[in-house]
Amino acid sequence: TKHRKLTWIYSLGTCHINGKFDQKAIELIVSTYQAAVLLLFNTTDKLSYTEILAQLNLSHEDLVRLLHSLSCAKYKILLKEPNTKTVSQNDAFEFNSKFT
């Protein structure tokens, strides 16, 4: 047992997050990285791409994939400005309080 090493693979984990939206609270089941992004919005309603990148210390490709899944997919938990289908470094993201 001395030669074993435990490695956490964050991309395989899931989190249950209780989101408090205008109409009601909804339990969201998201990946570990998606949860990290959403938790940033506990202290502020709006963040820029560069602010999120600095706080999470992820690669550009990983962050684009995460933000796209949260703001451009079927369920838009985050609102993106400008409202396009691609994520760029000049975008701003806002918590979607009207999500249902």
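Leu38 is in contact (heavy atoms within 4.5 Å) with Ile17, Leu28, Val30, Leu70, Ile77 and Leu78, leaving aside its neighbours within four places in sequence. The model is predicted: local features need pLDDT of at least 70, side-chain atom pairs count only at pLDDT 80 or more, and totals for chains, interfaces and linings use all residues. Residues are numbered from 1 along each chain as its sequence is written, and side-chain values use heavy atoms, with hydrogens and water left out.

Leu38 also belongs to the largest nonpolar core, which has 26 residues. Such a core is a set of buried Ala, Val, Leu, Ile, Met, Phe, Trp, Tyr and Cys residues joined through side-chain atoms within 4.5 Å. Buried means under 20% relative accessible area, exposed over 50%, partly exposed in between (1.4 Å probe, protein chains only). Leu28, Val37, Leu38, Phe41, Ile52 and Leu67 touch the most other members. β2 (25-31), α1 (32-39), α2 (49-56) and α3 (60-71) each supply at least two core residues. The largest share, five residues, comes from α3. Helices (H or I, at least four residues) and strands (E, at least two) are DSSP runs, numbered from the N terminus.

Now the aromatic rings. The whole structure holds two aromatic pairs. Rings of Phe, Tyr and Trp (its six-membered ring) pair if their centres lie within 6.5 Å; planes under 30 degrees apart count as stacked, over 60 as edge-to-face and the rest as tilted. Phe21 and Phe95 are stacked because their centres lie 5.3 Å apart and their planes meet at 15°. Phe21 sits in the loop between β1 (14-20) and β2, Phe95 in strand β5 (residues 92-95), 74 residues apart. Phe21 and Phe99 form a tilted pair, 5.1 Å centre to centre with 50° between the planes. Phe99 lies in the segment after β5, 78 residues from Phe21. Both Phe21 and Phe99 are buried, whereas Phe95 is partly exposed at 24% relative accessibility. Phe21, Phe95 and Phe99 form one aromatic cluster.
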